[in-house]
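This report goes through the strands, helices, aromatic side chains and backbone angles of one model. Terms are defined where they come up.

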Amino acid sequence: MEATEVVRKQVPLVERRLHPVTPLRRAWAPVAVIIGWAVHDPNQAQEQLTRLTTVTLLIGLAVFVPAAALYGFLTWWFTHFAVTDTELRIRTGLLFRRTAHIRLERIQAVDVTQPLLARVAGVAKLKLDVVGTDKKDELAFLGEGEARALRAELLARAAGFAPETAHEVGEAPSRQLLHVPAGVLAVSLVLTAATWVSLAAALVVPPLLWFATHSVWTVLATALPLLGAAGASSVGRFVGEYDWTVGESPDGLRIDHGLLDRTHETVPPGRVQTVRIVEPLLWRRRGWVRVELDVAGSSNSVLVPVAPREIAESVVARVLPGVTVPPLSALSRPPGRAHWCVPLWWRGYGLAVTDTVFAARHGLLRRSLALVPHAKVQSVRLTQGPWERFWRLAEVHVDTGANKTVTARLRDAEEAAELLRGQAERSRTGRRDARPDRWMA
């Protein structure tokens, strides 16, 4: 046994490079710098261009293009990565060297993304969500097969498989839970108020500015962001959420989506802090809802873009095992005197506390029901302004590990005090009985 351990320690660390097409991507960095300078100061950029002769321009291109290509090649050549027994190491830097040591047990999600050109070239980008970091570390680009194999190996290592067997585990099988048809997604976007509000603003505001200022630049500076917002809320969402598929596997829920850029995400098991079931006004006749997430250490935020409530709740049950979504009839409204604090809209608030979850609802036109498992509650706070204190009302705030807060608004003051006292015990019991936050557990 000791001899085996000695041999294992003497095995040299094998470093790997990214895919050979990566220099083509890195070579665009100098070009992006020039474009950024031109956009920042267009007048000076135009003056400089008018001074250039044809010969000077050709000489500049003859020098700049090889220099950009050399920069792309050198940044690729000096970028290496390796997987050790305990961490993923990424070495980068041409002049200033940087080595990232990513502990395998702190990896929360490993996503494979393929922009359109990357799909054509047969390569993919590997993105890693790590506890304690806001920015994702990434390996761009790897061969598509290599990216999937490395993702499976990292998840296996994070799950506790031995290093010598982790690469043999392979990608865990997946069972499809949900698929959103393109027609349903398109209709849901048409029935979303944000789409029409942004489109109306893009059509109405620029003409009004033209009649008021007669300035083309003012109109363009206002119209372009409004058109971009309208496109992002309609066409952009359709392209990004196209072919949305949710599958269940031993390493978590897998989400695949995208029309042009394909993304393969993973919802880490045990790291989901809050689930929100959103129900826009125009979706109610069809019984559709949207499911959003708050995940600690991950930027994944959407679980289901649109689905019937029954199907969406079945997917929520896979994310939060043992949690049942409280029906609307189980949500208690604030007392009637709450209308003195928030007229009319107080009717949209509701609260239900079960053995497993703290559920708070808000909104009349766009209902949102937030579910926080007791095991994920980090702290509980009670707040009471002077007007609320006059009407014997208070608010209970539940803080989660994703730096988010769920609030039960306008509750009776005595009820809020009881919630505050009882939530500490429910959280302690929930953490004791919770499943381990490990892959494939």
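In what order do the six strands of the open sheet stand?

## Basis

This is a predicted model, in which local features need pLDDT of at least 70 and side-chain atom pairs count only at pLDDT 80 or more, while totals for chains, interfaces and linings use all residues. Residues are numbered from 1 along each chain as its sequence is written, and side-chain values use heavy atoms, with hydrogens and water left out.

## The six-stranded sheet

The order is β13-β12-β11-β16-β15-β14, with antiparallel pairing. β13 (302-308) and β14 (350-353) are the edge strands; each has a single partner strand, so one side of each is left without a neighbour in the sheet. From one strand to the next, the twist averages 15 degrees. Strands (E, at least two residues) and helices (H or I, at least four) are DSSP runs, numbered from the N terminus. Two strands pair if DSSP finds at least two bridges between them.

Six bridges link β15 (residues 357-362) to β16 (residues 367-373) in the antiparallel sense. Within this pair, A360 stands opposite A370 of β16. Helix α12 (residues 309-319) lies across β11 (272-279), β12 (288-295), β13 and β16, and runs at about 150 degrees to β13. Contact here means heavy atoms within 4.5 Å. Axes are lines fitted to C-alpha atoms, for helices over the stretch in contact, and angles run from 0 to 180 degrees between N-to-C directions.

β1 (residues 80-83) pairs with β2 (residues 87-92) over four bridges in the antiparallel sense. H80 has R91 in β2 as its bridge partner. Three residues separate β1 from β2 in a hairpin.

β2 is also joined by six bridges to β3 (residues 98-103), and the two run antiparallel. I90 stands opposite A100 in β3. β2 and β3 form a hairpin with five residues between them, and G93 in the turn has a positive phi of about 115 degrees.

## Helix α7

What distance separates the end C-alpha atoms of α7? They are 21 Å apart, which agrees with the 21 Å that the 15 residues of this helix (residues 144-158) should span at 1.5 Å a residue. The expected span is 1.5 Å times one less than the number of residues.

Buried residues of α7 include A147, L150, R151 and A158. Buried means under 20% relative accessible area, exposed over 50%, and partly exposed in between (1.4 Å probe, protein chains only).

## Aromatic side chains

There are nine aromatic pairs in the structure. One of them, W283 with W288, is edge-to-face, at 6.4 Å centre to centre and 80 degrees between the planes. Both W283 and W288 are buried. Rings of Phe, Tyr and Trp (its six-membered ring) pair if their centres lie within 6.5 Å; planes under 30 degrees apart count as stacked, over 60 as edge-to-face and the rest as tilted. W340, W387, F390 and W391 make up one aromatic cluster.

R17 lies over the face of W76, at 5.8 Å from the ring centre, and also over the face of W77, at 3.7 Å. The criterion is NZ of Lys or CZ of Arg within 6 Å of the ring centre and within 35 degrees of the ring normal.

## Backbone angles

The peptide bond from A140 to F141 is cis, with omega near 5 degrees. F141 belongs to β6 (residues 137-143).

R392, which is not a glycine, has a positive phi of about 55 degrees and is found in the loop between α13 (386-390) and β18 (393-400). L410 likewise has a positive phi, near 55 degrees, and is found in β19 (residues 405-412). L410 counts as buried because its relative accessibility is 0%.
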